[in-house]
Amino acid sequence: MTRECAVLLPGVCAALADPRQPGLDDTCLEKLLDWFRSLTWFDPTVELVQDNPCLTELISSVLALPEPSPSILSFTLQLAGILAASENRFQHLQQEKLLGRLFGGDGPRGCAVWEDASVRSGWVKGVHSMVQHQPALHFLCSGGGMDVIFALQGDPSLFVASAASQLLVHMLTFSVESETSKPLSTKDCEWPACAQMIKKHMEDSLQSGSASHVEQSLKLLTSLFGSCYAAWTEVLWSDIAKQIESFLVEETVQAQHMLANLLLNVARSPVFCDTEGGFWALVTSALEHLTPVQACPLAVGLLKLCKCPQDVRIQALTVLLQPMDCILRAASQPLEYAGLLDESVSDPVTVESLLSCKASCAGLLCQTLAHLEKLLSLKHLRVDLPYMSLLRSLVTILQFCNGLLSPASPLGSTISRNLINCFRVQKSALDVLAALSEKKGCDTLMGSLFDVLLAYLESPNTSPTVLKKAFQATSKWLVRLQELSCSNSQCQQTEKILEDVFVVLQKRLCSPCWEVRDSSLEFLTAMIKCLRDQDGFRQCLLSSEVPRLTENLLEDPESYVRASAVTAVGHLAFVTYFAPESPAAGNNKENTLAKLQEILSTDSEGFPRRAVISIFTKWLREGCIGQLEDTEQFVSRVIQTVQHDLDWEVRLGGLELIEVFCSQTICQLGLSECPYAPVSSAVPTSTPQNQLLRVFCRAKLFGFLFQSLCDCDKPVGQRACDILIGLRGNFYPVSTLENPQEIEDSPAGRGIAWLQRTLRQGSLAQNFPTDGGNGVDFQDPETMMVALGAIDLLELHDELNKSSDHVEESPQSLLQDILATMGTTEENEADCY
């Protein structure tokens, strides 16, 4: 602790213990506790409390109050626990007779203030901090503390109950690992006293027949096996496994809903990696006996485990696919085709009954589909999914939801009625459908698949959110379709599907619903990104009304739609204007460019302007700007517009445009891959360097770059600084910057000195002049050469990258703030950090 903090601490402690003082907010108290944790973490000595008696005086004063504030009492309990985490300080607090009055029978747990959840929470947290050595463990076990913790497992406050459970896990682990002389390896081993108390409490609770007690112990075990992988956990498991198994087959206590997470945590533990039979037999039993809703999370977790036995993995997959299998069987004529599965793990009637019930049908399918989507996203799946049957099942679900299928079976009719217009299931099924587009073996169902997708795209009953999902799935499957289009018959099928898609898209671009127009434009952009090099796609696009309708939407009343239209028009240009065989006339190119520049300079909303600068940058990166006009003039005009924009993301986009322009110009002048010789004068002597600097000055880049260093939005300043550091490397070797004396003597010296002072002010610098005021000509190559050499950009870089709270985030400042807030200093002011 610093001397300054030691001087302030007694005042803070006195203020905290004074009931007449206004209470501090919880944030200040938490910061104070964090400071004490950091103080005690590396220093176990007793000097902290001996040298600062105000700490024990604070604890004594709070305990002496007839009605202490719950927040201050909770703080005191936590502070005492932090201090008592060291055995030396624990003994000191014991000698002061404080710990018994805090955590023992004489503590707050018998008082009215115990009714406040924050006090119970502070007690549990204080005990958790304290139990880092055996004397603390013995103190709790002998003073009735264990019974309090057991009771708090069932606390009405979920935060307190969870903290109590975590505390028991910590105490059990600490007790076994610190008090056992030899490893626990068999059931006959002697458990330490504290561990024995916790173990007996768990076993008694599991056998109690009380649903709440069983649930508490299962939560405790789930947490233990999720965090502790020591060998002794196998001994503990062997003592309780029979009881856990009984919960699967007996219905005296409904504990099944908690077993999936417990078994999954045990399965993840390396201790059970090579377990013979017993444990995995229990997992198999769980997959059979748990309801489909309970078994699904367990099945998916097992499928992600690399060490799960193959037969258990196959069984888990079967559980996961059962609802999809049921859908297929319910929809088909007898014997038309089999379902997904050869046999079921559990009774298929259970799944059928859930799908037949309107209340549970959508929930079960959404859960199953969400798990399938996660599995499909894995790079390495250790089981083979039946992709073709899965795709057929998805198509069937989507047909049920849209009323496109009249099932033959009574079960199918019931499921169809349950799913009609069910948006949740539609969205989930379309997500899985999109994920399946990357899997092999689904090619023969292309016709049926696109029939369903087009039906969703066309239907007026499709909600905007479902339509967005349908567009996303369609774009992915169109890419897949193009990959397969080899034979003439497939090419004809692809052409027909694309024609149908563009007919639908034309209608959707004219929708009165802005979300639909927006999704349609996003879909068009996605298609162009993936398919713009395909002749068939380009022909269908150019022969449709889509390009004209898209340009019309640049004037849409909704800003989100205008932004999406800008992006779509920007990508359309790669087909309509920038392609070698582009049929578009020159006037059209100029008109489109003029519209986008008008949006950048006049649109009242930030989204369209951000989209324009992003598209301009993309065009520049792909070398397309030169086809429209002189690149240097274009960049200069855009920058002059962007530098005054009120949206920081637009300004940041302008800096990205500058970065691309600089990089391309440097490459064109042959400077990107060669070392740069130092230059002795302010004017670069080598022709490429001289030419480079003149290009940048003519484009008016430097004014915007230096102005951005003082931007009130830090990301803008950081990006500008990075660009300037990169540019400086083209004119100065790392070790050779301008001599300060030479700068002062140069004609630009006074202006550069002003610029340095202004940049030190950062965002406080107001009305940064870029028009040559204050003697700095940002378009003069000689002045800019001097500026790049003189200004310490690396120091600026460090300043810009400091966190916003680096100035006052200190314990001393915190203590000063507390004193000021509580009115114990003359100036009642506090920092707001």
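**A guided look at a helical chain**

Student: Let's start with Gly 570. Which residues does Gly 570 touch, not counting residues up to four places away in sequence?

Tutor: Happy to begin there, and do keep in mind that this is a predicted model. Gly 570 is part of helix α30 (residues 559-576). Leaving out residues up to four places away in sequence, the residues that Gly 570 touches are Ile 615 and Trp 619.

Student: Is Gly 570 buried or exposed?

Tutor: Buried means under 20% relative accessible area. The relative accessible area of Gly 570 is 0%, so this residue is buried.

Student: How far apart are the C-alpha atoms of Gly 570 and Leu 593?

Tutor: Along the chain, Gly 570 and Leu 593 are 23 residues apart.

Student: You mentioned Trp 619. Which residues have the most contacts inside the largest nonpolar core?

Tutor: That core has 280 residues. Its largest share, eleven residues, comes from helix α18 (residues 310-331). The residues with the most contacts inside the core are Trp 237, Leu 302, Trp 619, Phe 702 and Phe 706.

Student: Stepping back, how many helices and how many strands does the protein chain have?

Tutor: The chain has 833 residues, and buried ones make up 53% of them. Among contacts between residues at least 6 apart in sequence, 71% join residues at least 24 apart. As for the count you asked about, the chain has 42 helices and zero strands.

Student: How are helices α2 and α5 oriented to each other?

Tutor: The axes of α2 (residues 26-41) and α5 (residues 70-83) come within 10 Å and cross at roughly 10 degrees. Angles under 35 degrees count as roughly parallel. The two helices α2 and α5 are therefore roughly parallel.

Student: Which helices do the buried residues of α10 pack against?

Tutor: Helix α10 (residues 145-152) is mostly covered, with six of its eight residues buried. Those six are Gly 145, Met 146, Val 148, Ile 149, Phe 150 and Leu 152. They pack against α8, α9, α11, α12 and α13.

Student: What about the loops? Where is Asn 421, and what is its phi?

Tutor: Asn 421 sits in the loop between α22 (410-419) and α23 (423-436). Its relative accessibility is 40%, so Asn 421 counts as partly exposed. Although Asn 421 is not a glycine, its phi is positive, at about 60 degrees.

Student: And Lys 700: how does its relative accessibility class this residue?

Tutor: Lys 700 lies in the loop between α35 (687-698) and α36 (701-708). Lys 700 is a residue other than glycine with a positive phi, near 60 degrees. Its relative accessibility is 30%, so Lys 700 counts as partly exposed.

Definitions and conventions
Residues numbered from 1 in each chain as written. Predicted model: local features only at pLDDT ≥ 70, side-chain atom pairs only at ≥ 80, totals over all residues. Heavy atoms only, no water. Axes fitted to C-alpha atoms, helices over the stretch in contact; angles between N-to-C directions. Helix = DSSP H or I, 4+ residues; strand = E, 2+ residues; numbered from the N terminus. Parallel < 35°, antiparallel > 145°, perpendicular 65-115°, else oblique. Core = buried A, V, L, I, M, F, W, Y, C linked by side-chain atoms within 4.5 Å. Buried < 20%, exposed > 50% of the residue type's maximum accessible area, 1.4 Å probe, protein only. Contact = heavy atoms within 4.5 Å.
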